[in-house]
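Hi everyone, thanks for making time for this. Please have a look at the structure on the screen, and I'll talk you through a few spots in it.

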Amino acid sequence: MAFCVDYLRSCFSAQHRRRSTMQLKWQTVFFFLCLYGMDVVFCQARYSIPEEMPEGSFVGNIAKDLGIEISRLISGKARVVTKGGRQYVELSRDKGALVVKERIDREELCKQTTPCSFSFDLIIENPIQLHRITVEVQDINDNLPKFPKAVVNMKISENTASGTRFPLDSAVDMDVGINGIQNYALSPTDNFKLEINNQPDGQKNVEMVLQRELDREERDQLKLVLTAYDGGSPKKSSAVQIHISVLDNNDNAPVCKQVLYKAEVKENSPVGTVVSTISAADADEGVNGEVSYSFAQASEKARNLFEINSETGEIKTLDHLDYEIEKNFQLNVKAMDKGTLADTCKVIIDVVDVNDNPPTIQLMSFSNTIAENSPVGTTVAVINVEDADFGENGVVQCKINENIPFKIESSLTDYYALITDEILDRENIAEYNITILVSDQGSPALHSNKTLTVKISDVNDNAPVFDSDQYRTFITENNSPGVAVLTVKARDTDWGPNARLSYFLEDSDVMGNPVSSLVSINSDSGVIHAVRSFDYEQMKSLPFNVTARDGGSPPLSSEVMVTIIVQDQNDNAPQVLYPVQTGGSVVAEIVPRSADVGYLVTKVVAVDVDSGQNAWLSYKLQKATDRALFEVGPQNGEIRTVRQVSDKDAVKQKLTVVVEDNGHPSRSAVVNINVAVADSFPEVVSEFSDFTHSKEYNDNLTFYLVLALAAVSFLFITTVVVIISVKIYRWRQSRIFYQSSLPVIPYYPPGYADTGVTGTLPHMYNYDVCMTTNSRKSDCKYSTLGGQSVLVVDQSFSETLQRAMKEKELLENAESPEMQKPPNNDWRLPPNQRPGPSGAGPRPEEAGAGAVGGTGPWPNPPTEAEQLQALMAAANEVSEATATLGPRYNAQYVPDYRQNVYIPGSTATLTANPQQQMPQQALPPPQALPPAEAPKAAPTPASKKKATKKDKK
């Protein structure tokens with residue numbers, strides 16, 4: 001314990017007592033008392049302020065005075081706790097100052113008690129700090145003196161002697177000290193004077209003293225004014241009217257039997273209880289001897305709680321008393337006769353405390369959640385226990401229920417700390433209901449209780465625990481990938497994220513393979529799946545570790561061993577080790593003809609890589625050249641003779657033995673054994689030299705044969721379809737394209753003449769031309785140049801031959817020599833692509849008279865003789881054709897076709913005009929032409945007919 005010397009910041013001085021209350025400098029008395037223990041710091045501080053300060057007024061800088069940082073006030077949630085009554089002061093955390101929360105009335109708070117103060121606690125958490133703050137309230141002059149009655153009526157006998165004293169009711173001022181009643185004044189003072197008597201308790205008795213005798217005959221009524229003044233600044237006063245009636249003689253005044261009466265009354269006394277009885281005696285007789293009782297001076301509170309019987313002097317209670325509010329009362333009782341004589345006595349009433357207030361429990365600090373790893377002695381709550389009663393009635397005891405890991409200890413007066421007494425375990429008990437029992441020592445004792453619920457927060461202090469120490473399971477080989485094999489399950493007694501488990505595979509290798517490539521585990525459910533299909537012959541068991549890890553921080557984990565045992569399936573056929581099957585050479589077992597029954601020929605040795613009954617092998621003879629000669633042991637595979645070998649038995653014997661396992665379904669293997677029945681090796685060699693082995697075809701060879709057959713069939717069908725399509729296409733082309741065997745030769749029927757034409761071609765021609773958009777394709781477009789039925793007729797003729805008729809005849813008679821052949825493919829080339837020295841030559845109609853054109857579209861330039869031969873043949877055929885048309889005309893009208901001849905497919909023009917004496921070459925010099933093959937001879941009428949028949953075919 002440490003005690004700091006109290007200090008005084010400012011004090012009142014005597015010369016300031018008469019200043020105004022607004023100019024009062026309030027004093028601060030600051031006590032600093034600190035106790036340390038059990039994580040609780042207790043300090044005391046004291047301040048002094050005047051009453052009636054407005055809200056928000058500054059009381060004191062508690063942070064500075066106690067040496068506490070403002071940040072500590074904020075982080076510790078500092079707050080003011082007032083026990084019971086009203087809270088007059090509050091804490092401003094951000095400033096560290098105490099300010100007035102509501103108006104403070106000293107008279108209401110303390111009445112006449114001085115000094116007046118109230119206390120409260122300042123509590124700071126984490127760690128717990130308690131500071132007891134006491135604020136003394138200084139009185140200001142805010143109350144007027146007040147007389148019990150506004151008018152006092154008195155009767156005084158005229159023969160009253162001078163110097164007789166008449167007590168008056170004193171005024172009451174709720175203020176104390178300098179602000180209380182300081183003086184009285186009486187006016188007028190002709191007959192009376194005023195005397196003030198100071199009592200030891202600070203009260204002032206006012207008496208009016210007769211200084212000059214009264215004369216009723218002179219004046220029967222007197223009116224006086226009694227004024228009371230306080231010592232405040234400014235002064236406040238109050239007055240009472242005194243009416244005096246002058247009476248006849250009353251010699252003796254009443255006399256109280258006791259100057260001081262003391263009485264006790266219990267606070268729980270019912271209303272109407274007689275507290276005390278006042279008695280006074282008057283020596284007079286008759287009416288002047290009758291005494292009446294009244295309260296001469298009493299506080300307003302006392303007048304409301306007590307009453308006095310004016311005749312008997314009994315003082316009774318008017319209301320319920322409360323020792324905790326007011327402990328004693330002081331009354332001045334006046335005994336007065338019927339005249340004006342009176343006597344005063346004092347009555348002191350003490351209120352006796354009874355145990356009527358149960359103890360109260362108030363939480364100063366409480367943490368409803370505490371971690372399970374909290375050390376022993378951790379403070380859970382700080383409790384304030386008080387009893388408003390006094391003495392034994394106010395002594396309290398505090399305890400908690402038993403069998404819990406907590407205890408309660410007294411840290412300071414009326415303060416208890418609830419702390420942990422043992423190590424906590426949330427997994428054992430997650431919540432505690434702590435009942436705080438408080439009782440006083442009164443008779444009968446009063447009790448109070450309060451229940452606190454403390455929750456234990458989880459700490460990750462428990463590792464996961466698997467349901468089994470190890471897991472073993474079986475799985476049949478050749479399983480489906482992804483099948484669920486096993487579920488591992490672990491439990492964690494922690495709570496929340498600390499109990500959320502995840503499962504993992506430990507990184508390890510099994511026979512050179514990572515565990516993750518063999519199995520997988522669902523991290524949430526713990527279901528283990530097979531990643532791939534297992535093979536018993538390669539792996540008979542799969543051991544690995546599974547880790548379960550919780551979600552705590554730091555996380556805790558545990559491991560468990562998991563073993564997956566692979567069970568065998570009959571998925572392997574037996575394998576024959578002996579005799580060795582070879583395809584190239586013949587191996588035979590030799591049996592002498594002298595062999596007896598049971599002679600061991602050979603033994604079939606086979607194995608099965610499966611296990612258990614799947615590997616149990618049995619042997620049987622499937623085929624044999626002579627079944628009556630050999631037998632096979634079903635268990636050992638030994639081939640023995642059944643009978644005596646005879647000379648009649650064939651030398652070459654072939655046995656087929658089947659080896660079968662015991663699986664379900666069973667699998668088997670076949671072995672062929674050649675046996676030679678002979679006595680000597682040369683005999684065996686001669687017999688087996690031409691021995692042919694039957695060929696074994698495997699499944700792959702059959703597959704390849706079927707595939708080859710399918711491919712050949714497909715190619716054959718495809719070829720047939722292509723040939724048929726080509727034939728159909730050519731047939732359609734022959735129907736579309738009309739082929740003519742005649743060259744394009746201008747023709748004029750007899751009687752027809754050319755009109756308006758000049759140049760090397762004096763006649764007009766009509767052509768049916770086959771054109772193509774691409775010379776390398778057979779798609780053709782047709783156009784008819786000129787009019788089909790238009791000819792220019794000489795006016796000297798009277799008949800016109802329609803060309804349409806001629807075309808019709810030509811179409812109907814395809815064998816006619818006049819049927820024109822289609823031009824060669826060079827017609828399809830545009831002029832700029834025709835072969836020649838420059839690629840194209842001028843057209844005949846563009847060249848003019850006597851011009852020699854280029855070679856034109858001939859692919860291979862013909863000689864002049866070949867060109868003339870073809871020209872003359874065409875002219876003869878035309879002549880023969882014109883002989884069959886219409887009536888005979890005179891030869892003079894028939895033009896000479898050899899005068900001007902235009903060769904189709906050539907830009908040359910053969911001219912026989914007499915005016916042109918110089919011969920013209922139809923073709924350019926041979927050296928200017930590119931090398932080419934020799935041209936074919938011009939077709940004759942016979943060859944044309946053959947060609948026509950071939951085209952039709």
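Let's start with Pro188, which sits in the loop between β12 (181-187) and β13 (192-198). Those labels come from DSSP runs, numbered from the N terminus: helices are H or I with at least four residues, and strands are E with at least two. The peptide bond joining Ser187 and Pro188 is cis, with omega about -10°.

Before I go on, this is a predicted model, so local features need pLDDT of at least 70 and side-chain atom pairs count only at pLDDT 80 or more, while totals for chains, interfaces and linings use all residues. Residues are numbered from 1 along each chain as its sequence is written, and side-chain values use heavy atoms, with hydrogens and water left out.

Now, which residue is joined to Asn126 by a cis peptide bond? That's Pro127, and omega there is about 0°. Pro127 lies in the loop between β8 (116-124) and β9 (128-138), and Asn126 is in the loop between β8 and β9 too. Asn126 also has a positive phi of about 50°, although it isn't a glycine.

Is Asn126 buried or exposed? It's exposed, with a relative accessible area of 63%. For the cut-offs, buried means under 20% relative accessible area, exposed means over 50%, and partly exposed is in between, using a 1.4 Å probe and protein chains only.

Lys111 is another non-glycine with a positive phi, about 55°. You'll find Lys111 in the loop between α3 (106-110) and β8, and at 27% relative accessibility it counts as partly exposed.

Next, helix α6 (residues 699-736), which contains Val720. Val720 is partly exposed, at 32% relative accessible area.

Finally, let's zoom out. The protein has 10 helices and 57 strands, and 38% of its 953 residues are buried. Take contacts, meaning heavy atoms within 4.5 Å: among those between residues at least 6 apart in sequence, 66% join residues at least 24 apart.
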